[in-house]
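Subject: Structure handover

Hello,

Here is the structure for your files.

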Amino acid sequence: MKASHSHGKADYIGILGSVLCIIHCLLMPALAFGSTYASHHEHAGMLSLDYFFILINGIAVYYATRNHKSLSVKIILWGALVLFSTSLILEGKHVIFAWLGYAGSTLLIIGHLLNLYICQIAPKLKMRVS
């Protein structure tokens, strides 16, 4: 089924990127636990993967919001991206940033789902969403 708006793929990519980041953040400590990697790991090896998630989600948010009329969707997606990015960059400083990263990733998923609803589902139901 073809998306009825020009940024539908961006929403799906954003959701996928956020879900993969959550999976990565939950599984890496479990996989590293008990290995020699865990005793020498200071997040240096996964730094590039964190930046990859930031880049993917940044591109998705840009394309999802660039021609969007809803200011609230723009605020949710860009705010979630700032929270997500800042948390990933600073997560080695304090444990709170890891939790804020999960929150930012979850907000990105919710924002993209909201955007899909506003742009695809609501028009089919002939509902007015501003």
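The notes below cover confidence, fold, surface and cysteines.

This is a predicted model, in which local features need pLDDT of at least 70 and side-chain atom pairs count only at pLDDT 80 or more, while totals for chains, interfaces and linings use all residues. Residues are numbered from 1 along each chain as its sequence is written, and side-chain values use heavy atoms, with hydrogens and water left out.

Confidence is given as pLDDT, the predictor's score for each residue from 0 to 100. The chain has an average of 79, and 76% of the residues reach at least 70. Helix α4 (residues 71-90) has the highest mean, 93, and helix α2 (residues 36-40) the lowest, 48. Over residues 38-42 the pLDDT stays under 50, and the model has 3 contacts beyond four places in sequence for them; a contact means heavy atoms within 4.5 Å.

The chain has 5 helices and 0 strands, in the order α-α-α-α-α. Both are DSSP runs numbered from the N terminus: helices are H or I with at least four residues, strands E with at least two. Of the contacts with a separation of 6 or more, 74% join residues 24 or more positions apart.

The accessible surface is about 8,300 Å², with 71% from carbon and sulfur atoms (Shrake-Rupley method, 1.4 Å probe; for residues, only the protein chains shown count as cover). Of the 130 residues, 36% are buried, meaning under 20% relative accessible area (1.4 Å probe, protein chains only).

Cys-21 is buried at 2% relative accessible area, and Cys-119 is buried at 15%. The count of disulfides is 0, taking a disulfide as a pair of cysteine sulfur atoms within 2.5 Å.

Regards

Methods
Buried < 20%, exposed > 50% of the residue type's maximum accessible area, 1.4 Å probe, protein only.
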